[in-house]
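I opened my notebook for a first look at this protein.

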Amino acid sequence: MITTNSASSSRGAFTTLKERVIFEKEIKKSKFIAIAGHIPDEGSAQSFLLEVRDPRATHNCWAYKVGEQYRTNDDGEPSGTAGKPIHSAIASSGLDRIMVVVIRHFGGIKLGTGGLVRAYGGVAAECLRNAPTCIIKSKVPMGLEVPFELLGALYHQLQSFQAEDIKQDYDTGKDGVTIVTFKVDFDHAQGLEEAIKANCSRDIVFYKH
């Protein structure tokens, strides 16, 4: 079973995982392996799953959270006994833009509905409890030096990506060059940088604060 939810993305700053973490636990002869990591956006969830899932395992259950958007998958376990408890562990951790995959190798003893919820939720929570974290600003301050003749093309890209707090500084010490600073959503920063290089100049150097 797959469940989804979506709403507007959060703003400000968020705490996420600094690196991929793994936690293993045996429960009634079943081996549970939780693997958690940062995903920058929803599109990265599938590649993360493909990287960490074990095709030999009985189940590869998962959940992720990106802002207010989340998705869960029970992967053959009874509905609501795996993906939802994993998502609950993510929500309780206060972390954002992360995915947790819990791999189960069945050991021959059935855990029952309540036992599965406790196992999947508990293993996910333990995996996240002492994991190294970092804070990422949702609005990324950026800047670049640009020749006057490219300002029109640059501003077109800034508007397309809804950049904010756009400022210019002509005191660069270089003729015909200005410094433009702005802020852009974390989700859009990479795309904006690529668009500016493609439509303005590949020689533009970006500064991220």
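My entries below go from the whole chain down to one residue.

**Ground rules.** I am working with a predicted model, where local features need pLDDT of at least 70, side-chain atom pairs count only at pLDDT 80 or more, and totals for chains, interfaces and linings use all residues. Residues are numbered from 1 along each chain as its sequence is written, and side-chain values use heavy atoms, without hydrogens or water.

**Domains.** I found domain 1 (13-135) and domain 2 (138-208), with bounds from an automatic or database domain assignment. Their centres, taken over C-alpha atoms, lie 38 Å apart.

**Helix H2.** I looked up the buried residues (under 20% relative accessible area, 1.4 Å probe, protein chains only) of H2, residues 83-93, and they are Gly83, Pro85, Ile86, His87, Ala89 and Ile90. These pack against strands S5, S6 (69-73) and S7 (98-105) and helix H3 (112-129). Helices (H or I, at least four residues) and strands (E, at least two) are DSSP runs, numbered from the N terminus.

**Asp54.** I located Asp54 in the loop between helix H1 (43-52) and strand S5 (59-66). Is Asp54 buried or exposed? Asp54 is buried, at a relative accessible area of 12%. Beyond its neighbours within four places in sequence, I listed Asn60, Ile103 and His105 in contact with Asp54 (heavy atoms within 4.5 Å).

Note on methods
Buried < 20%, exposed > 50% of the residue type's maximum accessible area, 1.4 Å probe, protein only.
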